[in-house]
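Below is a short briefing on a sheet and on the packing of some helices. Look through the structure before reading the points.

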Amino acid sequence: MKVPVIYTEDIQGTLLTLTAKMEPDRVFVLCDSHTERLCLPLLGMPEARVISVECGDGNKTLATLSQVWQALQENGATRHSLLINLGGGMVTDLGGFAAATFKRGMRFINVPTTLLAMVDAAVGGKTGINFGGLKNEVGCFREADEVVIHTPFLATLDTPNLHAGYAEMLKHALLTGHEMWAVHLLYDLAAPDLGALQEMVRQSIEVKQRIVMEDPCERGLRKALNLGHTVGHALESLALKRAPLLHGYAVAYGLIAELYLSAALTGFPTEALHQTAHFIREYYGRPDIGCNDYDTLYALMQHDKKNCGDDINFTLLADVGKPLINQKVTRHLLNEALDFLRDT
């Protein structure tokens, strides 16, 4: 089932219409301390009960999930209630999982406020939390009842968060074809045109929805969406023990490493590898890793959810627009890819 995605300039009117149609007995809004201040006042829903959590992916934990469950319970939430997740990927992941599990499932609407959440976390039905030092270790598949995209929220983003979301868009372009990929490499992230970005966001969401519709539970084709994520999630998990790393930056670095693997194993054009790597290097810099981190990164990749047994499964590309799933890579070649990532 294709989940409705509503693009609106009138966020208040759209949410009032949706809640009237759904007729919940109670309405809750989950936000973080940042979106509570900047975005919640725009909703115009004074009757909603607000659940606020701390910002940052480091708070996407069992303890925070328990806090949300407790707030729902103490304020009389039922299976006929509605939870509106207002925030970035941390909020939509956490809130979706809370809604999917409280009373064995209540309805929820995702209102993503970051570029990353709009093109990735809010669409596709993946919910969950980090656990045991691993990214998204516990969760479930559960689509939102509605997704509401209000691109004026993007004007509140700082540069790192705008870049973080764009990395997922670049990934979608690499999965789609040369034309979309070229457009994304030509976009000026240093002076972003938010009007042009709005249409690119719509196209990016459509790419993800098309893939998710064909494989909602990630048994085959949907694994293509993990391009850049096997290495990226390992970098992100490593960063949880150091200075936090934005998910999109981790994905951008993962794209460089996994396109290197693609060039070495599956014939991905080296010119396209270097063009993409140059774009990422220009806007995202380099990851703060050294050779002494390789063993830890490899161990983290062994926990990746796409794996089967002891094999690490990578999504690679034969060319732009030609993904190959369940690809195996030698440890030696993986170390080469990490070297290339550091030296790009």
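Which residue of S8 does Ile6 stand opposite? Ile6 stands opposite Val148 in S8. This is a predicted model, in which local features need pLDDT of at least 70 and side-chain atom pairs count only at pLDDT 80 or more, while totals for chains, interfaces and linings use all residues. Residues are numbered from 1 along each chain as its sequence is written, and side-chain values use heavy atoms, with hydrogens and water left out.

**The sheet**
- An open sheet is formed by 6 strands with parallel pairing, in the order S1-S8-S5-S4-S2-S3 (strands are DSSP runs of E, at least two residues, and helices are runs of H or I, at least four, numbered from the N terminus; two strands pair if DSSP finds at least two bridges between them).
- S1 (5-7) and S3 (49-53) stand at the edges with a single partner strand each, so one side of each has no neighbour in the sheet.
- On average, neighbouring strands of this sheet are turned by 20° against each other, direction ignored (axes are lines fitted to C-alpha atoms, for helices over the stretch in contact, and angles run from 0 to 180 degrees between N-to-C directions).
- S1 pairs with S8 (residues 146-149) over 3 bridges, in the parallel sense.

**A helix on the sheet**
- Helix H4 (residues 89-101) packs on the sheet and touches S2 (27-32), S3, S4 (82-87) and S5 (107-112) (contact means heavy atoms within 4.5 Å).
- The direction of H4 makes about 165° with that of S4.

**Two helices together**
- H7 (residues 178-186) and H11 (residues 270-284) pack at about 35°, with their axes 10 Å apart.
- H7 contributes Trp181, His184 and Leu185 to the contact, and H11 contributes Ala272, Gln275, Thr276 and Phe279.
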